[in-house]
Amino acid sequence: MKSLTPFFILLCFLNFKSSAQTIEGLLVDSLTQEPLAFATVKMESKAQANPLKAEIANDKGTFKFVGVKKDKYLIKVEYIGYKSKIIEVEFDKISENLNMGAISLSPLSQLLESLVVNGLKRQVISNLEKQVFKAEQFEVAKGGTATDVLKNIPSVMVNAEGEIMVRGSKGFLILINGKPSQIDAATLLSQIPANTIEKIEMITAPSAKYDADGKAGIINIITKTGTTNGLNATINSQYGLPRLKSYFNENNPLRYGIDGTITFKKDKWDNALSVNYLKNDIAGRREGGVNTAIGGILTNFPSVGERSFRRENYGVRAISSYKFSSKDELSGGIYLGKKDQYRTANIFYDNSKTNLKTYEVISRYQYYNSNLVLKSGKFNVYNLDYLHTFGQKSSLAISGLYEYALLDGFTKNRNLNQLNFSDTLQYTLNTGSNPLHAIRLKADYEQSIGIGKLSFGYQYRTQNQKGKFVYEEKTGNFTPLVVNPDFSANIDVKNIIHGVYTQYAGIYKKLEFATGLRYENAFRKFNAENRPEDVLLKLSNLFPSANILYYLKSDLRLKLAYSRRVQRSTNNELNPYPEREHSETLEQGDPHIKPEFIGLYEAGITKDYKKASFYWNVYSQQITDIVNRVNSVYNDTILNRIYTNAGKAQLYGTESNITYSPFKKLKLYIGGNLYSLKMNGTLFDNSVLVNTKRWVYSINTNFNYQITKSLNTQFNLSYLSARNTAQGEDSRFYQPNFTLKKTLDKFTLSLLWQNASLGKMNVNQQRITTFGNDFFTTTNYIQEVNIFMFNLSYNFRQNPKKVKLPSSEFGEKEF
C-alpha cells in the first residue's frame, strides 16, 4: 500500500481553482420531450477568435463546454433523424456559467408521420464505446427477465441450458446502472424483471476506466424508475397459464410474479425503493446415451426421463442520496436478495456390457435414478458513494461496497430398483456451505484538459470464501451414509486485486477518441485442509485500450477499437472436490487453473437512412489459456467433468443489425452474428489433443405491427446454429415468440406466447455431444414449449429516469 501513497497525494493537490466558465444545456425531442442521448454539439466563435469545440451529449441528453472565454458563439446541434439547430449566444465571463436550459429538436419531415402515427422511435444508438438498445422494443420479453431481453440483441446467444454467450464467449462482465458486478450472468439476469429495464448497453471493447474482467466485453443494464420531482410508482404483475403438454414431471410448473418501484424526490433528497418476486418453473425431459470402453469391455447406458426446474427468487433494492451543495453529493444503497433453484432429473437407465472381442453381451440390467439438486443463495450488499466537483472542470468520486453472501445447497443422487423405488441400490449426498465476504473500494478523478478529459483512478478488491463440502455415500437400504474423505474438504479461497488506470478522451473536429492504460496486480490463494501446500497465483498485468469514432458524414460513422481483457475463474471452477451431478457424472474444478487473457480487436460502420438504421462490425478475439469443461472416464458408468485450460483459441466474427420501417404500421428489426472459433491445445497432461474449428451463426428478428393506436403485436425469433466445443458440439437451438399488447390509459395488458411450437417443430431443444478415445456421450435436452403468460402494468406517473440501484458484487457469481 505504501506504493500508492503518491497517488493519493496527487489527488489532494489536483483541486484546480483556475477559470471554470461553462456553457451547458439539455437536448430534448420537441414532440415527446424525451432526452436525446449522444447528440453532437459544436461551439464556434462567431468572430473566429477562439478555436472550434465539440461535445457529445451524455445518455441523459445533457452537454457542457468548459473553459469558455468571453465571446459570441454559434452553438450547432446535430442528431440523426432531427433537423439541425443553430443558436447564437453571447458569453459574459463574469457570469461564469451559462445554462441554455432545454433545447428542442424537431424530427425531420420524412420521419414525422411515422413518429406521430406509430410512436416508433430510434431504438438502437451507436457511439464511441457502446451500442445502446432500447428495451421497450422487445415486447416478447415482457413478464420475463433480463435474459429474455438480451436474447434479442445480435451479439448475444442463449442456449437450452440458459448459458449466455456474447460473440461466442461465455465470459463477460455485468454492470447494473454502471456499477460493476461479479455475479454469475445467468443468476443475476434471472433476478432482474424485464419490465424494469430501460435499455441495454453493449460495450464490446471497453476502455481502461472499466474493470479488465470479461473476455467478451461488458453488458450494462440501465433500469427505469422514478420521476424528477415528487412521488412516482410503477407496478407490474404476471401470471402463467397451466402447461399445455405433459412431460411426465413430478410437479406441474408454476409461473407468476410481481415487481414494483417507488421513488420520491424533494429538494436535496432523492430516494428509490424496488421490490420483486418471481416464481418461474419450467417443465422438461432429457434423452441421452453414454458408452465407455475399459479393458475390452463396452458399457452402454442409454437413458430417458424428467429434467425440470423449480425457480423462485425475490429481492429488495433501495437507495437514498442527498446533495449537501451543488458540489457535494452522498448516496447509499442496500440490496437484499434470495434465490432457490431445484433441478429434478428422474431418469430410467438401461445398462449393458459387451465384450469387444466376441461381441457377446456379458450383462444387462435396468435401474431408476432420482437426482435432486438445490442451489440456494442469500445476498446482502451495502454501498456508499461520494461525489465532489471542483468548480466545473474536475471531479472526484469515491465509493465503497461490502457484501456478505451465504451460498449453500445439496445434490441427492439415488440409484433405485426400477420395480420398487423403496429399494435403494446406491445413494450419494453432496452438501456444501460457502459463506462469502467481499469488499470493493475505488476512487476516480476527472479533469478537463484541452480538447478532452483526463481521468485516472485506483481500485481495491478483496474476496474471501470459506467453504465446507461433504460427500457421503452408501450401498443398500439399511447401511449408514459414510463420508468419503477424498471427495470432502474445507477450503479457503482468497482473491485480492489492486488496479490503477489513466485515460484521456475527447473530440477533435470529426474525430472522437479515448485511449488509456490500466494496471492490475492480482493475488489468489487456494487452501484445503487435506492438501500439504497452498496453491498460489500472482499476476501483474497491463491492459491498454484505444477507441476511435470518425464522422465521415453526419449520418455515416466509422469505428475502430482495441482492448485487452482477462477472464478470471470462479471459486467453483477452482474446487477440486467432486460433486455427483448426475448418476453418470462427477463434476469438479482445478485449483491450478489459469485465467484467460484476451486481445479484442473491432472495426465497424454505422449508417442512418430516412426510414432505417444499420450497423456492421467485424471483430477478433485472441485468447490464451481458454477454459473449457471437459470429460474423462472415471469408471465404466461415470464420467468426470472438470474445468481446465485447453490451450489457445482464435475467434473471428462479424455482426450486423438493421432497423427498418417500410410503411406506417410496420417496423422490422433484424440482427445476426457470424463467427469462427478455432481451438488448439492439449488436455490431461498432454494426453489428449484439441484441434477444432467451425463457423457458428445466430439470428435475432423482431417484427412489430401496430394494429391500432392502442393495440400492437410482435413476433420474435432467436436462432443459434450448431457450435463446436473442445470435445464435441452443441446442436442448433431456436425459440419463436409472439406477443399482443393493449394499452388503456396508464394500464398495459400483454399476452405472451413463449417458445411457440406448431406440429413437429423442435423448439426449445438442444443436443449436447462430447467424445474421446474411450467414451461417447450425447444428451438431448427437451424443454417446455407453448407457454402462455399474462402481464399487467400500471404507471402512476410516466416520467422515467435512471437510478443506480445496488446489486450483488461477488456472491451471485459464485452461485
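**Overall features and selected strands of the chain**

The chain exposes about 35,200 Å², and carbon and sulfur atoms supply 57% of this area; accessible areas come from the Shrake-Rupley method with a 1.4 Å probe, and for residues only the protein chains shown count as cover. The model is a predicted one, in which local features need pLDDT of at least 70 and side-chain atom pairs count only at pLDDT 80 or more, while totals for chains, interfaces and linings use all residues. Residues are numbered from 1 along each chain as its sequence is written, and side-chain values use heavy atoms, with hydrogens and water left out.

The secondary structure comprises 6 helices and 49 strands. Helices (H or I, at least four residues) and strands (E, at least two) are DSSP runs numbered from the N terminus. Of the 815 residues, 55% count as buried, where buried means under 20% relative accessible area, exposed over 50%, and partly exposed in between (1.4 Å probe, protein chains only). Among contacts (heavy atoms within 4.5 Å) with a separation of 6 or more, 68% come from residues 24 or more positions apart.

N351 counts as buried because its relative accessibility is 0%. Apart from neighbours within four places in sequence, N351 is in contact with T299, N300, F301, S363, R364, Y365, Y367 and T637.

Strands of a sheet pair through backbone hydrogen bonds, either parallel or antiparallel. Two strands are taken to pair if DSSP finds at least two bridges between them. An open sheet of 4 strands has the order β33-β34-β38-β37, with mixed pairing. Its edge strands, β33 (579-582) and β37 (627-635), each pair on one side only. Neighbouring strands of this sheet are turned by 35° against each other on average, direction ignored; axes are lines fitted to C-alpha atoms, for helices over the stretch in contact, and angles run from 0 to 180 degrees between N-to-C directions. Strand β37 runs antiparallel to β38 (residues 638-645), and 8 bridges join the two. The bridge partner of V627 in β38 is N645.

Strands β35 (residues 596-608) and β36 (residues 612-624) are also antiparallel and are joined by 12 bridges. A hairpin connects β35 to β36 through 3 residues, and Y601 stands opposite S620 in β36.
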